Amino acid sequence: MKNILFATDGSKYSAHAASLMEELLQAWPAAECTVVYVTVRENYAYDLIPEAVDAFEGRLSETIRQEITEQLAPWKNRLRFVHLTGHPVKSICTAAQEVKADLIVMGSHGRGLMNEALLGSVTHGVLHHSEIPVLVAK
C-alpha cells in the first residue's frame, strides 16, 4: 500500500472513515494519504453569488483540512489535502487515478438530504465507477 485516497465531506460518516484512516496509516507506515474534498457548484445558485459560495466553500474546506490534520496528527507529514470543484464521483475517481491510489476510503453517507435512507449517492457512484478498490466506513 503506497497511496490511499480519503474522500471526505466533513460529515459524521467521514469522521468514521477518518478513524479507519488512522488504522490504515498505522498498518502501512510507508503509505501516504491524499485527502480529497469536492465542492459541488450545482448545489448553489452560483450565478447569483459566486463570491459568497467561494468564500463559504473555502472556509469549509479549510475547516475539514484542519480537523483531518488534527485527527491524523501522528501522520501529518504523510497527508496531502486537495480541494476540487466538480462532480464528486468523477472528481474522486479521477483524483484516485492521478495520484495512483491503491485504495479509496470514504464514509457510507454524506451531507446530502437523504443521507440516512440509502447508501450515499456519491459513495454509491464511486463504488460503481472506480477502477480502484473502495473501502466504505459505516
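Helices in this tour are DSSP runs of at least four residues, numbered from the N terminus, and the model they are read from is a predicted one.

Begin with helix 3, residues 88-98, and select Lys-90, which is found in this helix. Lys-90 counts as exposed because its relative accessibility is 61%, and the cut-off for exposed is over 50%.

Next, colour the buried residues of helix 3, namely Pro-88, Val-89, Ser-91, Ile-92, Cys-93, Ala-95 and Ala-96. To see what they pack against, show strand 1, strand 2, strand 3 (79-85), strand 4 and helix 4 (121-129). Following helix 3 you will come to Lys-100, where phi is positive, near 55°.

Now turn to the largest nonpolar core, which has 19 residues, and select Ile-4, Phe-6, Met-21, Ile-68 and Val-105, the members that touch the most others. Two or more residues of this core come from each of strand 1 (3-7), helix 1 (12-27), strand 2 (32-39), helix 2 (50-71) and strand 4 (103-107), with helix 1 giving the largest share, 5 residues.

Centre the view on Val-105 and, leaving aside residues up to four places away in sequence, display what it touches: Ile-4, Leu-5, Phe-6, Ala-7, Ala-17, Leu-20, Met-21, Leu-24 and Leu-135. Finally, select Val-38, Ile-92, Met-106 and Val-126, which are among the 16 residues of a second, separate core; Ile-92 is also one of the buried residues of helix 3, where the tour began.

Terms used
Residues numbered from 1 in each chain as written. Predicted model: local features only at pLDDT ≥ 70, side-chain atom pairs only at ≥ 80, totals over all residues. Heavy atoms only, no water. Core = buried A, V, L, I, M, F, W, Y, C linked by side-chain atoms within 4.5 Å. Buried < 20%, exposed > 50% of the residue type's maximum accessible area, 1.4 Å probe, protein only. Contact = heavy atoms within 4.5 Å.
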